[in-house]
Amino acid sequence: MNASIQSAARSGRPLRTAHGGAALAGTSFKHEHLAAILEHGLQDGFFEVHAENYMGAGGPPHRALSAIRERYPVSLHGVCMSIGGPDRLDARHLARFSALVARYEPALVSEHLAWSSHGGTFFNDLLPLPYTKATLDKVCEHIDQMQEAIGRPMLLENPSTYVAFAASTMSETEFIRAVAQRTGCGLLLDVNNVFVSATNHGYPARAYLADFPLEHVGEIHLAGHSEQHDDEHAPLLIDSHDRAVADPVWALYREVIARTGPIPTLIEWDSQLPAWPELRAQALAARRIVAELSSNNASESDIYHPERAAHEA
Ligand SMILES: [Fe+2]
């Protein structure tokens with residue numbers, strides 16, 4: 001971890017408690033909901049946007065996001081940085097991303113453990129990577145580069161996957177832990193992604209979460225998924241973000257919060273948008289779980305501290 005990021009982490013800029021309250025709950029921000037949010041918002045809430053939707057200089061997208069940012073903390077979530085790809089990060093994309101961080105001063109900044117561009121071509125998908133020493137080095141190099149550019153630690157999100165690589169030499173949780181320790185980045189734990197991947201690959205989601213380095217988690221994602229079957233009639237879950245959070249995902253979330261205590265939690269909903277009250281109700285359901293469980297078993301050692309992450313790195 002380089003000196004400037006270590007300094008940012010030690011500055012006390014909070015990642016886990018972004019707005020003075022421990023039980024922050026938020027949702028994706030969609031322009032269709034702006035008027036309803038301004039009318040009947042989310043007390044102690046936060047809103048997450050995809051960075052790539054705000055890379056123009058001005059216009060309606062920025063007016064809408066500015067209206068939100070005046071009232072709420074914002075989480076800036078990148079989907080095209082291609083952290084997991086073999087190429088160098090795209091310098092122009094990184095500059096646009098950094099400008100957004102400077103402009104909106106988001107409470108949280110995150111990207112995916114995935115790749116989405118190759119040789120100058122950008123794809124619409126978050127694609128998986130093998131977990132090897134070589135890809136670990138490359139991912140860490142990219143995160144160092146990104147954190148240096150934005151001048152602060154970022155959160156890295158665990159992926160939802162549909163294929164696994166025979167070439168992998170370490171588990172996903174081992175890989176993610178090593179990235180966090182080497183770069184000082186925090187983690188964004190997407191519990192729906194855990195459930196989707198576990199179902200698709202046939203391993204227990206609870207075993208994955210037992211191995212996950214929860215002490216580095218600065219944000220949680222919850223989302224809905226669709227259910228299909230593959231050619232052999234085995235269940236195939238798609239990380240579709242187009243419906244309410246499924247009951248098994250809520251159950252896993254409860255187990256995580258019981259171990260960690262409060263973590264800012266965001267409901268991702270990107271298509272087939274519901275009316276604002278339905279989305280808001282999902283965020284409030286997450287907040288109720290945090291309130292119910294956070295006084296129970298959270299141990300101080302489970303809580304993510306940027307200062308400690310910087311020291312460990
Ligand atoms: Fe997510």
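The legends below describe close-up views of a predicted model. Local features need pLDDT of at least 70 and side-chain atom pairs count only at pLDDT 80 or more, while totals for chains, interfaces and linings use all residues. Residues are numbered from 1 along each chain as its sequence is written.

View 1. Strand 8 (residues 186–190) is mostly covered, with 5 of its 5 residues buried (20 or more other C-beta atoms within 10 Å of the residue's own, C-beta atoms being placed from the backbone). G186, L188 and D190 point one way, and L187 and L189 the other way. In a regular strand the side chains alternate between the two faces of the sheet. Strand 7 (residues 155–157) runs parallel to strand 8, joined by 3 bridges. E157 stands opposite L188 in strand 8.

**View 2. Helix 7 against helix 9.** Helix 7 (residues 191–201) packs on helix 9 at an angle of about 120 degrees, the axes being 9 Å apart (axes are lines fitted to C-alpha atoms over the stretch in contact, and angles run from 0 to 180 degrees between N-to-C directions). The contact is made by V191, N192, V194 and F195 of helix 7 and P248, V249, L252, Y253 and V256 of helix 9 (contact: C-beta atoms, placed from the backbone, within 7 Å).

**View 3. Helix 9 against helix 10.** The axes of helix 9 (residues 247–260) and helix 10 (residues 276–293) come within 9 Å and cross at roughly 40 degrees. Residues in this contact are Y253, R254, I257 and A258 of helix 9 and I289, V290 and L293 of helix 10.

Definitions and conventions: Helices (H or I, at least four residues) and strands (E, at least two) are DSSP runs, numbered from the N terminus. Two residues are in contact if their C-beta atoms, placed from the backbone, lie within 7 Å. A residue is buried if 20 or more other C-beta atoms lie within 10 Å of its own, exposed if 12 or fewer, and partly exposed in between; C-beta atoms are placed from the backbone. Two strands pair if DSSP finds at least two bridges between them.
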